[in-house]
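Please examine the sequence and the three-dimensional structure shown here. The paragraphs that follow lead through one of its regions.

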Amino acid sequence: MPDSQDTLSSPRPASAGASALGTAAAANSPAVEFRDIDIAYGKFVAVRDFSLSIAKGSFVTLLGPSGCGKTTILRSIAGLVDISGGQIMIDGRRVDDVPIYKRNIGLVFQSYALFPHKNVFDNVAFGLKYRDVPKPEIVRRVGKALDMVRLPGTEKKLPSQLSGGQQQRIALARAIVFEPQVLLLDEPLSALDANMREEMRVEIKKIQKETGITAIFVTHDQEEALSMSDRIVVMNAGAVEQIGTPQEVYETPATAFVADFLGKANMLPGTVTRSGQGTAVTLAAGQTVNVVPPKPLAQGGKVTVVVRPQKLSVGTAAGANRLSGRVVSASYLGGSAIYEIDIGGGTLIRANTPISGRVFGEGEAIEVGFDPDGCVLLDEGGQRIS
Ligand SMILES: Nc1ncnc2c1ncn2[C@@H]1O[C@H](COP(=O)(O)OP(=O)(O)O)[C@@H](O)[C@H]1O
Ligand SMILES: [Mg+2]
């Protein structure tokens with residue numbers, strides 16, 4: 001435990017840092033850059049050919065299911081795991097050989113990992129003690145960090161006297177107090193209850209903007225990723241599936257995996273039955289829908305039509321494509337409702353629509369509508385046709 005805690009704020013004496021990372025780091029370099037890195041645990045390759053360039057001051061999220069390699073990548077930046085191939089650059093300098101204590105990186109984990117017997121002041125000041133910062137300056141900086149996380153005046157409290165959310169704010173204060181070059185956040189909100197999670201999303205984002213710090217955030221929660229990030233890196237099984245803005249990855253998923261992982265898109269397999277102007281796909285469920293492919297499709301080709309639940313209307317269906325079906329389940333959510341609709345052939349589609357008028361009930365026959373523009377087409381290999 002003490003071992004891992006020592007690395008929490010990777011303390012770096014100012015002089016050593018300057019020589020390790022260079023004093024004349026290029027202003028235009030990315031904050032962090034991965035060039036084709038591979039990371040293996042013994043024979044198991046956890047991360048493969050990972051490349052990513054992170055602009056200074058940006059908020060980038062690694063999003064993917066448990067076990068896809070997110071934590072491993074964060075650990076590689078901090079120097080807590082060795083890479084077996086490729087290069088990692090921080091501020092334009094290769095850091096593969098820079099030891100942990102010389103990397104100027106702030107870390108926040110899911111578990112708060114505060115020292116239980118130290119008070120808030122000592123917890124937050126931890127990373128400064130190694131940096132020859134004079135005492136009055138430490139007091140000033142700790143005070144400022146506690147102001148930022150909106151817990152001013154809590155210096156004398158013990159972690160056990162604080163709620164989970166407050167402890168996580170202290171952990172955040174400890175990570176930013178020494179003004180690190182990069183802030184790494186590994187699922188920092190997953191131990192919090194739903195309300196606190198949402199509050200902290202906003203707060204972390206605000207602090208990141210105010211400080212201008214480069215943040216790399218890890219989560220398996222798509223909402224968190226969509227709401228907080230400048231860019232999202234969607235990962236699957238140790239490799240990148242797509243990198244883009246929240247809107248890009250949501251609206252134009254590059255692969256079937258991304259379409260499914262972000263927002264559970266409807267994936268309707270079918271065959272191209274008319275090509276050229278007015279391209280049409282006949283779904284496995286039997287109905288034929290119009291699509292607008294970004295390039296001409298060969299007749300007879302196998303494709304998957306991807307439609308977001310929010311793009312579907314029900315009841316008095318709007319849109320050029322209308323399918324008839326039967327409600328299998330209806331969930332009332334206040335302003336909107338989520339329906340599962342059987343459109344035949346055992347194909348269920350999911351609609352998430354604002355409620356206008358009444359909520360449809362189980363077993364009712366309804367129409368589902370969507371516009372050809374509102375869908376993405378995937379090829380047989382699950383890649384977006386572009
Ligand atoms: N110390 C380790 N030794 C062996 N395998 C590991 C170790 N740490 C992680 N792994 C494996 O590497 C893969 C990626 O893990 P991790 O980076 O923790 O994923 P994530 O953070 O996305 O859940 C997983 O299959 C995990 O079991
Ligand atoms: Mg993890």
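**Strand partners within a sheet**

Pro-269 has Thr-304 in S14 as its bridge partner. The model is predicted, so local features need pLDDT of at least 70 and side-chain atom pairs count only at pLDDT 80 or more, while totals for chains, interfaces and linings use all residues. Residues are numbered from 1 along each chain as its sequence is written, and chains are lettered from A and ligands numbered from 1 in the order in which they are written.

Strand S11 covers residues 266-274 and pairs with strand S14, residues 302-307, in the antiparallel sense over six bridges. Strands here are DSSP runs (E, at least two residues), numbered from the N terminus, and two of them pair if DSSP finds at least two bridges between them.

S11 also pairs with strand S12, residues 280-283, again in the antiparallel sense, over four bridges. Within this pairing, Gly-270 has Leu-283 in S12 as its bridge partner, and Arg-274 stands opposite Ala-280. S11 and S12 form a hairpin with five residues between them. In its turn, Gly-276 has a positive phi of about 80 degrees.

These strands belong to an open sheet of five, in the order S13-S12-S11-S14-S20, with antiparallel pairing. Its edge strands are S13 (288-290) and S20 (375-378), each of which pairs on one side only. On average, neighbouring strands of the sheet are turned by 40 degrees against each other, direction ignored; the axes are lines fitted to C-alpha atoms, and angles run from 0 to 180 degrees between N-to-C directions.
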